[in-house]
Amino acid sequence: MRASRARGIAAAAVVVLVLALVRPSLGQVARGRVTSWEIREASGLAASRRHKGVLYTHNDSGDRPRVFAINEWGSYLGTYEIGGAAARDWEDIAVGPGPVQGQDYLYVGDIGDNRAYFPTKVVYRVMEPNASTDPAAQRSEVLTGVEKFEFRFPGHAGNANAETLLVDPHTGDLFIVRKTAQHPLQVFWARAPLVQGEVIDLEEYHVTCVDYNQECRNRHHTSPSKGELVGGDISPSGLGLLIKSYSSVYYWRRSSTEESFFDSDPRVLPYTSERQGEAICWDAKERGYFTLSEGRNQMLYYYPYQQHNRWVDTVNRWKTGFRWSDAMEDSASTSSAPEAVTMGEKEGEEEEEEEQNQVTAAQFSWDERLAPKPNSASSSRVSGVLVNGSIVASGEECLDLPAPTGKDCEEEAAAGRCELSWMVSNGFCSKSCGRCGEGGGGASQLASGRHQAKGI
């Protein structure tokens, strides 16, 4: 009896061990295997905003200049040849705006260069095709009207190798992230409108160090986005950025398309390493992200990430300002007080002490003397932001929007808290903190330095 029980316990232990080995990471969903045998080395991924459930991908080096359409379960939908293009080392694809307003375009990055041999890199742009959404009605064609843009990195980057192409969905600015195992994150950009027929000099956008010295290498190993960076995507709203290495997915967010994502460190999101996973993109509704590895018959994975979707909702609510009726409805029922209306947000371990200041609008009280009486003849509604019992009009050019700590703005500034990310992103104490200026406003952060132009 004891022997059989021991064998049973051992068998159970083996089952538990096997389950532990094959258990996917938190939130990972296997959507389905890519059915097309032609997709053998998927290197980029982008979600259509025009056709529901359509994803675009392409092969790495050694293939024809073509883009494949698949659905969100990996089923093949069609092939689109990029007319007049060459495919030296295609590494990433993006969807973004172009010269025709309201029309989405595909951007394909021929930006790989493992041996650092080619002095210029190329990005092709073409109108998004009328892709099929039905695997039973596959559609293929040759795309015409293709534009070719040629780029050159700054001198210190040389003939850099890159595998990440980003396009700002609001400005059309183009960003290339260097794939380097030696440096901290290096991002270069070209401002829209892009010009054909000449070599465009990429500008430094976010470059921390450029020398191959020990100090730079040490900074790389302690960087929050270390590793070879192999793919990325900006969300359709422009408020979320994903960049991945072979082992990690990094996420940045911003509260305005006027700001830079890189004003704060990234968060590391759930991800299980794939065979050679280089492709990543947001879904069109920004509720999560897809990843895909090189190789035939690979699994298309999806990672739900509702926190970003709630963040987008938060930003949109702050743009319009809370109304008295909204605040009163929220306070009437805890179930109607969404997490999305967070006034402050913890942005790193160094701000743990500020966690107590993360208060939702529904938890704020307001002066009932200012609220309209139920039988009042006045039906006017006051717009603005609800803070510490007051509605602050959203139209004021520059003001000291009080932080929910209870301290006045002079005290916050004297305590050196002006640069805390939640203070900056919510526009608290802009006047006392010296953030007012041209285009300034109490509830918006001014871009500074290289970020004065719209961009990531």
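User: What does V315 touch, not counting residues up to four places away in sequence?

Analyst: V315 touches L239, R254 and S255. Please keep in mind that this is a predicted model.

User: Why is V315 called buried?

Analyst: Its relative accessibility is 5%. Buried means under 20%, so V315, at 5%, counts as buried.

User: Which other residues of α3 are buried?

Analyst: Besides V315, the buried residues in α3 are H308, W311, V312, T314, R317 and W318.

User: How do you know that the span of α3 is close to what is expected?

Analyst: Helix α3 covers residues 306-320, which makes 15 residues. At 1.5 Å a residue, a span of 21 Å is expected. From first C-alpha to last, α3 reaches 22 Å, close to that value.

User: Where does F261 lie, and what makes it buried or exposed?

Analyst: F261 lies in the loop between β18 (249-253) and β19 (267-269). Its relative accessibility is 0%. Since buried means under 20%, F261 counts as buried.

User: Which residues is F261 in contact with, leaving aside its neighbours within four places in sequence?

Analyst: The list is I234, G238, L239, G240, L241, W252, R253, R254 and I456. L239 and R254 are also touched by V315.

User: Why is E38 called partly exposed?

Analyst: E38 has 42% relative accessibility. Buried is under 20% and exposed is over 50%, with partly exposed in between, so 42% makes E38 partly exposed. E38 lies in the loop between β1 (29-33) and β2 (42-47). Not counting residues up to four places away in sequence, E38 touches N59, R66 and F68. The C-alpha atoms of E38 and H58 are 9.6 Å apart, and these two residues are 20 residues apart along the chain.

User: What makes the peptide bond from A192 to P193 cis?

Analyst: The omega of that bond is near 0°. Most peptide bonds are trans. P193 is found in the loop between β13 (186-190) and β14 (199-201).

User: How many cavities of 30 Å³ or more are there, and what lines the second largest cavity?

Analyst: The count comes to four cavities. The second largest cavity holds about 40 Å³ of space. Its lining residues are A46, A47, R49, V95, D233, P236, W282, D283 and A284. By class, that lining has six nonpolar, no polar and three charged residues.

User: What is the mean pLDDT of the protein, and where is pLDDT below 50?

Analyst: The mean pLDDT is 77, and 71% of the residues reach 70 or more. Over residues 1-25 the pLDDT is below 50, and this stretch has four contacts beyond near neighbours in sequence. Residues 330-397 also stay under 50, and the model has 118 contacts for them beyond four places in sequence. Where pLDDT is low, the predicted coordinates should not be read in detail.

User: How many helices and strands are there in the protein?

Analyst: There are six helices and 25 strands. The protein has 456 residues, and 50% of them count as buried. Of the contacts with a separation of 6 or more, 55% join residues 24 or more positions apart.

Methods:
Residues numbered from 1 in each chain as written. Predicted model: local features only at pLDDT ≥ 70, side-chain atom pairs only at ≥ 80, totals over all residues. Heavy atoms only, no water. Helix = DSSP H or I, 4+ residues; strand = E, 2+ residues; numbered from the N terminus. Expected span 1.5 Å × (residues − 1). Buried < 20%, exposed > 50% of the residue type's maximum accessible area, 1.4 Å probe, protein only. 1 Å grid on protein atoms, 1.4 Å probe; cavity = no way out; pocket = protein on both sides within 12 Å on 5 of 7 lines; lining within 4 Å. Points joined across faces, edges and corners; volume = space filled by probe spheres on them. Nonpolar A, V, L, I, M, F, W, Y, C, P; charged D, E, K, R; others polar. pLDDT = per-residue confidence, 0-100. Contact = heavy atoms within 4.5 Å.
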